[in-house]
Amino acid sequence: LGQSWKMAVPEPLTALSRWYLYAIHGYFCEVMFTAAWEFVVNYNWKFPGVTSVWALFIYGTSILIVERMYLCLKDRCHILVRCLIYTLWTYMWEFTTGLLLRQFNACPWDYSDFDYDFMGLITLEYSLPWFCASFIVEQLVIRNTLRLRFDEKADPSAAMATGGTANGYVKID
């Protein structure tokens with residue numbers, strides 16, 4: 001009673017902010033995938049997950065491009081078709097970045113021991129995991145990241161002290 005509410009006008013995250021979130025997501029998933037792979041293949045209970053710092057650039061950029069694809073394709077084709085497109089993109093991106101990094105002896109992966117590899121840079125054995133990952137990236141990561149907002153004027157300590165809410169409204173006296 002007697003209190004007024006003012007709606008905050010938060011802005012969507014910048015492309016750089018989204019890139020950062022996508023990079024961290026990809027980096028984390030790479031470490032978790034390699035740990036799980038090490039357990040399944042070698043029964044290693046230590047779960048040593050590994051990756052390279054290059055994964056930050058590779059995943060961040062790739063998922064930002066997939067975000068653009070999602071926004072263009074979401075109303076035009078079925079999710080299974082989109083995931084197939086994302087998977088093909090992933091193979092092209094993995095091959096291209098791997099080929100570039102190989103020129104500097106910096107490519108952190110080598111699929112030469114896989115049955116269906118191409119130049120050791122990509123392998124068909126990962127097609128199902130890449131397809132599933134593309135589904136998860138679209139449905140959970142991209143869609144939720146696009147919903148995030150940044151309120152430059154918000155003071156987090158003031159919101160906590162005044163009982164501000166998480167629904168975009170800030171209580172002011």
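**Figure 1. The loop that holds Met119.** In this predicted model, Met119 is found in the loop between strand E3 (117-118) and strand E4 (122-123); helices (H or I, at least four residues) and strands (E, at least two) are DSSP runs, numbered from the N terminus. Although Met119 is not a glycine, its phi is positive, at about 60 degrees. Most residues other than glycine have a negative phi. With a relative accessible area of 42%, Met119 is partly exposed, a term for values between buried (under 20%) and exposed (over 50%), found with a 1.4 Å probe and protein chains only.

**Figure 2. Helix H1 and the residue that follows.** H1 (15-42) has 28 residues, and at 1.5 Å a residue these should span 40 Å. The expected span is 1.5 Å times one less than the number of residues. The end C-alpha atoms of H1 are 40 Å apart, which agrees. Buried residues of H1 include Arg18, Tyr22 and Gly26, and what covers the buried residues of this helix includes H2 and H4. Tyr43 follows H1 and lies in the loop between H1 and H2. Tyr43 is not a glycine, yet has a positive phi of about 55 degrees. Is Tyr43 buried or exposed? At 62% relative accessibility, Tyr43 counts as exposed.

**Figure 3. The largest nonpolar core.** A nonpolar core is a set of buried Ala, Val, Leu, Ile, Met, Phe, Trp, Tyr and Cys residues joined through side-chain atoms within 4.5 Å. The largest one holds 29 residues, of which Tyr22, Tyr86, Tyr126 and Ile142 touch the most other members. Two or more residues of this core come from each of helix H2 (54-73), helix H3 (79-102) and helix H4 (127-147). H2 gives the most, with nine residues. In soluble globular proteins, nonpolar side chains tend to be buried together.

**Figure 4. The surroundings of Ile142.** Contact here means heavy atoms within 4.5 Å. Neighbours within four places in sequence aside, Ile142 is in contact with Tyr22, Ile63, Val66, Glu67, Tyr70 and Val137.

**Figure 5. The whole chain.** Five helices and six strands make up the elements of the protein chain, in the order β-β-α-α-α-β-β-α-β-α-β from the N terminus on. Of its 173 residues, 31% count as buried.

**Notes.** Residues are numbered from 1 along each chain as its sequence is written, and side-chain values use heavy atoms, with hydrogens and water left out. Local features need pLDDT of at least 70 and side-chain atom pairs count only at pLDDT 80 or more, whereas totals for chains, interfaces and linings use all residues.
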